[in-house]
Amino acid sequence: MRILVHDHSGHPFQAELSRELARRGHDVTHSYVEGYVSGKGRLEARPGESITFEAIGGAKKVDNQRMARRLLREVRRGFELVRHVRKVDPDIVMLSNVQIPTLVIFAFVTALLRRPWVLWHQDVYAVAVRSFTGSKLPRRFALVAWAFEVAERWCSRRAAAIVVIAPSFVPVHEEWGTADKVTVIPNWAPLDEIVPTERKNDWAIEHELDDVATLVYSGTLGLKHNPALLVRLARAVHDAGKPVRLVVVNEGPAVEVLQDEARRLDVPVTLLPFQPYERLPEVLGTGDVLVVLLEQEAGAFSVPSKTLSYLCAGRPVLGLMPGENLASSLVTRAGGLVLPPADGSLREAADWVSRVLADADLRDELGEASRDLAEQEFALEGCATRFERLLAAQVGAPVGDRRSLAKL
C-alpha cells in the first residue's frame, strides 16, 4: 500500500509505527506540523530506511492562546493538508492529533474526492472542551463544545474506520452512531528508542542534576494539567524531610505558572525547553521519581502518553491522575502510586516519594518493574499488524502471508 500517516504533533510512537509499516514493504510518508511545540519523536529517515518524513505548516512556533488567529490558522492548515494528500497521492490516509477545524476541511474535501481515511482518535476534543467549560474555560465555551461535538461527530461518520486508544472512548462513538467502525488499539512507546540509562548520565551532569534528588516531569502542560500541583508536590516532599529539586521539561504558558509558584513556595526548580529526542532517555533517567499529571475531568477522554515513555525509561512513577484512566492501571501494575490530582493527595504522595528517595534498592526494584511492564505491553509487532490489517481492509489490499500475521 501507499500510506500517508499525518500526526499533527510529531510524537514518537506514531513515527515508529510508520517506520514499521515501511519496513514491511509499504510506501509510507509520515508528516507532521513543524511549528507545533511538543516533545517530538525521531522524524527523519535513518540510513537504509525507505520512508519519507515531511513537515508541513512552517517552522514558526504555534501560539494557541490567540483564539481567532488559531481558528484561521487551523482552517488554512486543513487546505494545506488536502494539498499535501493530493501531492503524496496515497491509497489510504491515517490522521492523528489533528485539530477540529483542520479535520473538518480535510474530511469535507476528501469526501468530494472519494478518498478513504482513518481517524486515529487520540483525544475527544468535544468532551474535553465541555469538561473544562466553567472551570478552566469561560462559560461561553459551552457553545464551542457544542460546535466541536457536531463537527467531530460529522468527521467520525466520514472516516472509513476509527482507531481509539482506550475503551472509554467507545461510549462516545456509540452515542455518535460510529461504534460499528471503531477498533481499540492502546498507545505504546518505542522500547528500542526510550531505554533505561544510568542515573548519573551526561545530561544530568550538564544540568547539575547528578547529585541532587529529583522529581521530573517531561511533556506538555495544558488544560488537562495543573502545573502548580507539581510545585506543591515538591514542597510537600521537602516538608516531609527530603529536599528535592523539581525538573520540568516543557514550553508554553505553564512555565510562568511554575516560576511564580516556585518563588511563592521557595521550591528549587529547573525549567527547560523540550529536549532533542535522542536525549530523552537521559532526561527521564535523571528522575529519581517521574511524575504524571492529568486533571480529573480529563480521565475519560485522554491517556497521557508520557506515562508510557516513563515506563520504558525504567523509573518509579507517581501519577496524580484519575484512577479510572487507562494509564493509571499501568502505573499501579508497575508498583507506582496513583492518587487523585488534588492538594488533598499531596501528603500521601510526599510520603511515598520520600520512601523511594531514601531507599536505593526500592528505586531500582520499581524501575525494573516499570521496564518489565513496558516490555510486556509495548511490543510493536502485534500493534503494527493490527494497523496494517485495518488499513488494508479500507482499500481492499492484501497484506501478505508473513510470519508476523500468522502469529496473531
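**Close-ups of a predicted model**

**View 1. Strand β8 meets strand β11.** We start this tour of a predicted model where β8 (residues 214–218) and β11 run parallel, joined by two bridges. Look for V216, which sits opposite L290 of β11.

**View 2. Strand β11 under cover.** β11 spans residues 289–293 and is mostly covered, with five of its five residues buried.

**View 3. Strand β11 meets strand β12.** Here β11 pairs with β12 (residues 317–320), and the two run parallel with four bridges between them.

**View 4. Helix α5 from end to end.** This helix takes in residues 141–158, 18 residues in total. From first C-alpha to last, α5 reaches 25 Å, close to the 26 Å you'd expect at 1.5 Å a residue. Its buried residues are F141, A145, E149, A151, E152, C155 and S156. In an α-helix there are 3.6 residues a turn, so residues three or four places apart point the same way.

**View 5. Residues 401–408, to be handled with care.** Across the chain the mean pLDDT is 92, and 96% of residues reach 70 or more. Residues 401–408, though, have pLDDT below 50. In the model this stretch has 14 contacts beyond near neighbours in sequence.

Conventions: Residues numbered from 1 in each chain as written. Predicted model: local features only at pLDDT ≥ 70, side-chain atom pairs only at ≥ 80, totals over all residues. Heavy atoms only, no water. Expected span 1.5 Å × (residues − 1). Buried < 20%, exposed > 50% of the residue type's maximum accessible area, 1.4 Å probe, protein only. Pairing = 2+ DSSP bridges. pLDDT = per-residue confidence, 0-100. Contact = heavy atoms within 4.5 Å.
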